[in-house]
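User: I have a structure to go through with you. Could we take the strands and then the core?

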Amino acid sequence: MTLKFRCPQELDGLLPLPIPATRGLPDWFKTMPRQALNPTVSIEDDTVKRCPPFIDAMTAGFLIPLICDVRVESGEFTWDNDLPPARGVAFERSPIGFHPASQVIGSPLFDQDRLLIKFHNLWTIEVPAGYSLLFTHPANRFDLPFTTLTGVVDCDRYHDTRIHFPAHWHNAAFNGVLSKGTPVAQCIPIKREAWTAETAVFIAEEAMANRDLSERIRREKGVYRRHYRV
């Protein structure tokens, strides 16, 4: 299965490429220990670095990068993005735009005195028929000073123009540089299917399986990782 990323010809070789999320793990994750002392029970315990669901979320799909360095000082955003003139397809020249606060009025994101930022993405994205893309904040990237809003786009049909990423700048105290290539969104293909929910109580065999697996997890480390993870 292939995601097709396309950009205007003038930008070929100038834009940072979308990358598989497996290649975008942050430095803090790479350097953190696999185990640490649990002071409650005084034993070495696994950290999230050994938690498959935590890792698999971070490595699912692709990461969309920031197109250039953005400097933030006292709430002011500046950048220097020297792109060539557009000869064919017009494209945004700034790495970010803004949404008025009124667009999220009534939501927890609303702040009368603050705008929402919008990361500009200069790639179109196409997925195979029957698939959509879940766009969201890069999974478990709590270190980033913004939170990208989550949305789903039917990119098997809607792929001839670009999709930008609104975000809430939650760290008003941040001063520094967001580097070119910083992941601003994660996109994960999802197959469009109709689902229904079914509820039931355990039958005897299921109750036994539940007890057995729970006891196995209590006795052994890495049961899910070694026996159930795809």
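User: How many bridges join strand S8 to S9, and how do the two run?
Analyst: 4 bridges join strand S8 (residues 96-99) to S9, and the two run antiparallel. Strands here are DSSP runs of E with at least two residues, and helices are runs of H or I with at least four, both numbered from the N terminus. Two strands pair if DSSP finds at least two bridges between them. Within S9, Leu116 is the bridge partner of His99.

User: Before we go on, what kind of model is this?
Analyst: It is a predicted model, in which local features need pLDDT of at least 70 and side-chain atom pairs count only at pLDDT 80 or more, while totals for chains, interfaces and linings use all residues. Residues are numbered from 1 along each chain as its sequence is written, and side-chain values use heavy atoms, leaving out hydrogens and water.

User: Which residue in S14 is the bridge partner of Ile117?
Analyst: Ala167 is that partner. S9 and strand S14 (residues 165-169) are antiparallel and are joined by 3 bridges.

User: Are the S9 side chains buried or exposed?
Analyst: In S9 (residues 116-119), Leu116 and Lys118 point one way and Ile117 and Phe119 the other, and all are buried. Buried means under 20% relative accessible area, exposed over 50%, and partly exposed in between, with a 1.4 Å probe and protein chains only.

User: Now the core. Which residues of the largest one touch the most other members?
Analyst: Of its 26 residues, these are Phe119, Leu133, Phe135, Phe146, Phe165 and Trp169. Strands S6 (70-73), S9, S11 (131-136), S14 and S16 (183-191) each supply at least two residues of this core. A nonpolar core is a set of buried Ala, Val, Leu, Ile, Met, Phe, Trp, Tyr and Cys residues joined through side-chain atoms within 4.5 Å. A second, separate core has 8 residues, including Leu11, Leu83, Leu122 and Trp123.

User: Switching to Phe62: why does it count as partly exposed?
Analyst: Phe62 counts as partly exposed because its relative accessibility is 24%. Phe62 is found in strand S5 (residues 62-65). Its C-alpha atom is separated by 5.5 Å from that of Ile19, 43 residues apart along the chain.

User: And the chain as a whole, how many helices and strands?
Analyst: The chain has 4 helices and 16 strands. Buried residues make up 37% of its 230 residues.
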